[in-house]
Amino acid sequence: MSHQLGRVVSAILQRYFGDIVQQVGSDLFTYGSKPIGMIVKTTGLARSLVIDSLRTLLKFDLATFEPSANELIADYKLIPDNVLLLIRYPRYLLQMKSKYGSEAELLVEELLQQATCSASVLLVTIATKYKDDKEKNITILKLKEMFISLVTAGYIQQAPVAELKEGSEVPTLVPVATIVPDIEIRPLIQAMSSGDTSELKDNIYWRVNYDRFHLDFRDEIMIKAITRRIDENAGELMRFLLEQMYLKSPAWAAESSPLCALELRERCRGLAAERPLLHQYVDQYLKVLEENGGGFVRRVGDSGGGQLCVRAGLAARELVLAALDHTVTERLGSKAARIFRLIRARKYIEEDDIQKNAMLVNKECKQLTYKLLEEHFISVQPMRKAASSGGLAKAVYLYHIKLHDVSQAAQELCYRSLHNVLRRARSTRTAHARLRDKLRRVRTIVHGMRLRGEPQRNIDDVEETLTPPELAVLQDVEKQLKQLSTAELELDRNLFLFKWYFMYPEK
Amino acid sequence: MSVKTDEQLKEKILNVAKKNPKGISHKDITAAIPEISSADLVTAINELLQQEYFDLFNQNGVLIYRIKAQTSKQAVKGADNEEKVVFNLIEEAGNKGIWIRDIRVRSNLANTQLTKVLKNLESKKLIKAVKCVNASKKKVYMLYNLEPDRSISGGAWYQDQDFESEFVDILNVQCYRFLSQRSEKMKNNPRGPIVGRTQTYATAAEVQKYITDLGISKVQLDVEDVITILNTLVYDGKAESSVYPDGSKVYRAIEPLIPAPGLVQVPCGVCPLIYKCASTGLITPQDCNYMKEWLD
């Protein structure tokens, strides 16, 4: 809960929900939890506006509430981590599209927009929307099947239900175990043809399960890292290991329970045609994965043809270290990165030893070490000797790395960057708001004219109201905004890595 | 006894001594030269000792004569006693050298006198002063013809007490090139990953041979030197090291686990002003020049 996080959260709320929600959100962020009355007082907004904003925040699970001391009114609290997820939405959609196809993408997109929705309303809305789209060929039957398979896979879960406890006016949200639904298709088709969804009697509400997506992202990072380090076959083997891990241990466990190599061999035999090398050399690949795979996998025993466990916690640590290495390299140069890694390899090291091992000129080495210290990448631990009789008691200064603290600092840096990118995008948008507005209007008019079948000459006339220089500027702005949004996604990926690392307690 | 036979006798003793550089005892001499009488031997040895051909040691109660290095014998010719003492101290220190303060303490000479003696010896090219790489102010003396020890000269990486960073950089790049040429063999090796991995490993000796064959180094590099360079590659994150069963260290080139993360892809991640950047004020993201350059 840092100042930088507050700035990012505020910028994101502004982007997606506008100024009023931003004001309420920032207020909640600054003060922790507070009731409506207090929010009205500090923000100076009308009570109805505050209530509306809170409604929005609660709907999208960006805030929670709990009964305050007197049990009659509720205290509201912002969930900054969930606000950050708003910029991850495109990644969720991409994941769905690549894994399950366009129907799944549509379902998740609609559900993300609605926040919570009943299955039947969701299906009918999407089917109605794409009724005329012949290309995609969306039918309600296909959507229903996809919905069920997404629920089964855990990407969609049941929303928590509000329950009133005795003696309290404030309801509490109770999570519900997800049961795979049985949706009847006939009433849905009826509702679609009549265009009236109010008759659907469906009171089970659904929402997207972010955690399931995050597991996918985690697996992807680990597999990609192994593929980079060894090769595709080893990456595939890592995938099998992770799949097995889901069956036997909690999904986010720092270290999985032992997995049997025999089952892996079975899996690889099934793939003999596709990956002959993997099938032929399974045991060798396991050995290489264990020895050169950055410590992602560890052998724990030899029974049953070898017992392996996946060390997700260690993997997160290694990956964060790799990210930090990159950051140091880019910020202070590769020589500094060498010192950074050297200190890490030695745990605690004296200044003289750094110079000897890093093979750098004394002066440069000192300068870089102090620069690293200044930017909080390394820490120093003085070891004072007891006062000796003759001369000065010399202290020994040992350099070392507090990984948790360094990662925090780097995460802050990410927040700063993300805020800056959002802010820049916003100012670019406002600076060219008039032009972008004009473009939009011209496009609507032209679209309307085309539909009415007006002559090409008239259409050209309208289109020419946008002068070539204006078009050039617009093109430029579009390019800039695209670059900024790519940067947002990349920063979010980086933040994901840090969040994953912080999930495991500091050793 | 004539002078001639005297000289011959001395020659014979010296020959015996030369064959046994560790020193000879009375017995050895009589065994090697049985015709000698003990009186002759005593005079001959006394003369030799006076001419400083021998050092005299007492080993387990037996007197041992050891022949002195030829150079030192000649070097001190025509020198006075102080010079001899100082010279001997410096000689003892070998290629590690000796600090002027230690000479003073051990020779019991006054400072001014010692400086004079040292200057004399230096001008005769008998000794030389070498600057120490660890402490630039500290000078050590050693015999003129000796190559300074690694700890004094810093080894191959120092030229006149200056660290040659360019040289190290070039070697670093070359070593990496050598390793990365091999690293491709790991991927999808048809003979299995373990064979593939073994092919990517290179021992320090192999790298040293490659570097020597390239001919980029004017000084001869040992395997130890190459290992220090390879270790810098490990610290650069470009290589990892492992140990073969026979105990020799092997290296192979590796890639970082992840590509450049988002943080360094945006200008803010590398911006030197990031900690001064705020929503308002002189440095803001809205009109940041680095951002502008990046977006254009």
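I began with chain B and found that the C-alpha centres of its domain 2 and domain 3 lie 41 Å apart. I am working with a predicted model here, so please read every value below as computed from that model.

**Entry 1: the domains.** In chain B, domain 1 covers 3-68, domain 2 covers 74-153, domain 3 covers 163-253 and domain 4 covers 262-295. Then I turned to chain A, where I noted domain 1 (3-81), domain 2 (101-208), domain 3 (213-310), domain 4 (315-386 + 393-401) and domain 5 (406-502). For chain A I also looked up one pair of centres: the C-alpha centres of domain 3 and domain 4 are 34 Å apart.

**Entry 2: the sheet in chain B.** In which order do the strands of the open sheet in chain B run? I read the order as β1-β3-β2, with 3 strands and antiparallel pairing. The edge strands are β1 (24-25) and β2 (54-59) of chain B, each of them pairing on one side only.

I followed the pairings one at a time. β1(B) joins β3(B), residues 62-67, over 2 antiparallel bridges, and Ile24(B) has Tyr65(B) in β3(B) as its bridge partner. β2(B) and β3(B) are also antiparallel, with 6 bridges. Along that pairing I found Phe57(B) opposite Ile64(B) of β3(B). The hairpin of β2(B) and β3(B) has 2 residues between the strands, and Asn60(B) takes a positive phi near 50° there.

**Entry 3: the sheet in chain A.** Next I looked at an open sheet in chain A, which has 3 antiparallel strands in the order β1-β3-β2. Here β1 (33-34) and β2 (63-67) of chain A are at the edges with a single partner strand each, so one side of each has no neighbour in the sheet. I counted off the pairing of β2(A) with β3(A), residues 74-78: 5 bridges, antiparallel. Phe65(A) stands opposite Tyr76(A) of β3(A). What packs on this sheet? I found helix α4 of chain A, residues 47-59, touching β2 and β3 of chain A. The direction of α4 makes about 105° with that of β2(A).

**Entry 4: two helices in chain B.** As a reminder to myself, two packed helices are described by the angle between their axes and the distance between the axes. For helix α5 (residues 81-93) and helix α6 (residues 100-107) of chain B, the axes come within 10 Å and cross at roughly 125°. α5(B) and α6(B) are therefore oblique to each other. I noted the crossing of α5(B) past α6(B) as right-handed.

Which residues of α5(B) meet α6(B)? From α5(B) I listed Val85(B), Val86(B), Leu89(B), Ile90(B) and Glu92(B), and they meet Ile103(B), Arg106(B) and Ser107(B) of α6(B). I sorted the residues of this contact into 5 nonpolar, 1 polar and 2 charged.

**Entry 5: a contact between the chains.** Last, I looked at a helix from each chain. The axes of α15(A), residues 282-292, and α10(B), residues 193-200, come within 8 Å and cross at roughly 45°. That makes α15(A) oblique to α10(B). On the α15(A) side I wrote down Gln284(A), Tyr285(A), Lys287(A), Val288(A), Glu291(A) and Asn292(A). On the α10(B) side the contact is made by Pro193(B), Ile194(B), Val195(B) and Arg197(B). I sorted the residues of this contact into 5 nonpolar, 2 polar and 3 charged.

Technical notes: Residues numbered from 1 in each chain as written. Chains lettered and ligands numbered in written order. Predicted model: local features only at pLDDT ≥ 70, side-chain atom pairs only at ≥ 80, totals over all residues. Heavy atoms only, no water. Domains from an automatic or database assignment. Axes fitted to C-alpha atoms, helices over the stretch in contact; angles between N-to-C directions. Helix = DSSP H or I, 4+ residues; strand = E, 2+ residues; numbered from the N terminus. Parallel < 35°, antiparallel > 145°, perpendicular 65-115°, else oblique. Left-handed = near helix turned anticlockwise from the far one by under 90°. Contact = heavy atoms within 4.5 Å. Nonpolar A, V, L, I, M, F, W, Y, C, P; charged D, E, K, R; others polar. Pairing = 2+ DSSP bridges.
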